[in-house]
Amino acid sequence: MRISTFFYTVKQGAKNIWKNKMFSLASIATMSACIFLFGVFYSVVVNFQSVVREVESGVAVTVFFEDDVTQKQMDEVGEQIGKRVEVSKKVFVSADEAWKNFQKIYFKGAEDMAEGFLEDNPLAHSAHYEVYMNDISMQNSLVTYIQSLKGVKEVKSSDIAANTLTDFNRLIGYVSAGIILILLCVAVFLISNTVTIGIAVRKEEIAIMKLIGATDFFVRAPFIVEGILIGIIGSVLPLALLYYMYRNIIVYVGEKFRWLSGMLEFLPVDKVFSTLVPVGLLLGVGIGLLGSRMTIKKHLKV
């Protein structure tokens, strides 16, 4: 494409938006609303997922050994477990450490009662590994593998916690997909209507252009540019508003509701918007391009 043709196409696309101000504003407003809702939903979802991952990181599988297993064998089992893709980290707790932890919990305030066990550790065979996972949905496969290892006596896991967190993640995914699909359909529909009006308004002009030899691309390009421009404008505005709102909300909540910091920690604004901005812009451009191309194919016979 020649530079003059490129600038002509962009200019005509912008003119189409200006000529159909009401429909263009309606499309931009709808697009902005869709991207804004998408951004709000995305911000909520990624923060919820962050909380879920934090909870998942605290859920561990506990591996106990047979009474006659040596330290060397336990170390070998630990090495095998550490090689698994499901494992994020593993912590070995010796029998002495297990007894000390037990005392802190059950003899708190009555430490003198534990003095009778100084020479005899009642948890002498309780050395174990606490295994933490990257993805709690993979717990069953990890437990099955560990149970097959020589020297392992018992593997304790929290099936209820694993199933609850896995189902919650799946629910978030389904709801996200459904809402995004609805927003996309609404935005494509409105952009399609706007481009249709533009084609109707320029019908005679298009006929003259074809008579003097204009190519199909030359005729179609301004309408494609129109859809893309609507998509860009309709995504930049809500993304800027969302950035301002999110940044101020997390500051406000942090200052006014300090008690929440122990339960909920918002993701930093840069971390959220480093993904949201490119995705939002791509959605805007993609929806604008899709809506205009669908309309051109249906209504513009050149």
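A cavity, on a 1 Å grid over the protein atoms alone, is a set of points where a 1.4 Å probe fits but cannot get out. Grid points are joined across faces, edges and corners, and a volume is the space filled by probe spheres set on the points. The structure holds 1 cavity of 30 Å³ or more.

The model is predicted: local features need pLDDT of at least 70, side-chain atom pairs count only at pLDDT 80 or more, and totals for chains, interfaces and linings use all residues. Residues are numbered from 1 along each chain as its sequence is written, and side-chain values use heavy atoms, with hydrogens and water left out.

**Stop 1: the cavity.** Select Cys34, Ile35, Phe38, Ile180, Leu183, Leu184, Leu283 and Ile287, which line the largest cavity (lining residues have an atom within 4 Å of a point). Its volume is about 60 Å³. Helices H2 (21–57), H6 (159–201) and H9 (269–299) each supply at least two lining residues; helices (H or I, at least four residues) and strands (E, at least two) are DSSP runs, numbered from the N terminus.

**Stop 2: the sheet.** Show the 4 strands of the open sheet, ordered S2-S3-S1-S4 with antiparallel pairing (two strands pair if DSSP finds at least two bridges between them). Strand S2 (87–93) and S4 are the edge strands, each pairing on one side only. From one strand to the next the twist averages 20 degrees. Between S2 and S3 there are 6 bridges; pick Lys90 and find Val131 of S3 opposite.

**Stop 3: the largest nonpolar core.** Such a core is a set of buried Ala, Val, Leu, Ile, Met, Phe, Trp, Tyr and Cys residues joined through side-chain atoms within 4.5 Å. Buried means under 20% relative accessible area, exposed over 50%, partly exposed in between (1.4 Å probe, protein chains only). Of its 20 residues, Val61, Val63, Phe65, Ile81, Val131, Ile146 and Val152 touch the most other members. Two or more residues come from each of S1 (60–65), H3 (71–82), S3 (128–133), H5 (139–147) and S4 (152–156). Apart from this core lies another, of 16 residues, including Ile35 and Val188.

**Stop 4: Thr62.** Go to Thr62 in S1. Thr62 counts as buried because its relative accessibility is 17%.

How values were computed: Axes are lines fitted to C-alpha atoms, for helices over the stretch in contact, and angles run from 0 to 180 degrees between N-to-C directions. On a 1 Å grid over the protein atoms alone, a cavity is a set of points where a 1.4 Å probe fits but cannot get out, and a pocket is an open set with protein on both sides within 12 Å along at least five of seven lines; lining residues have an atom within 4 Å of a point.
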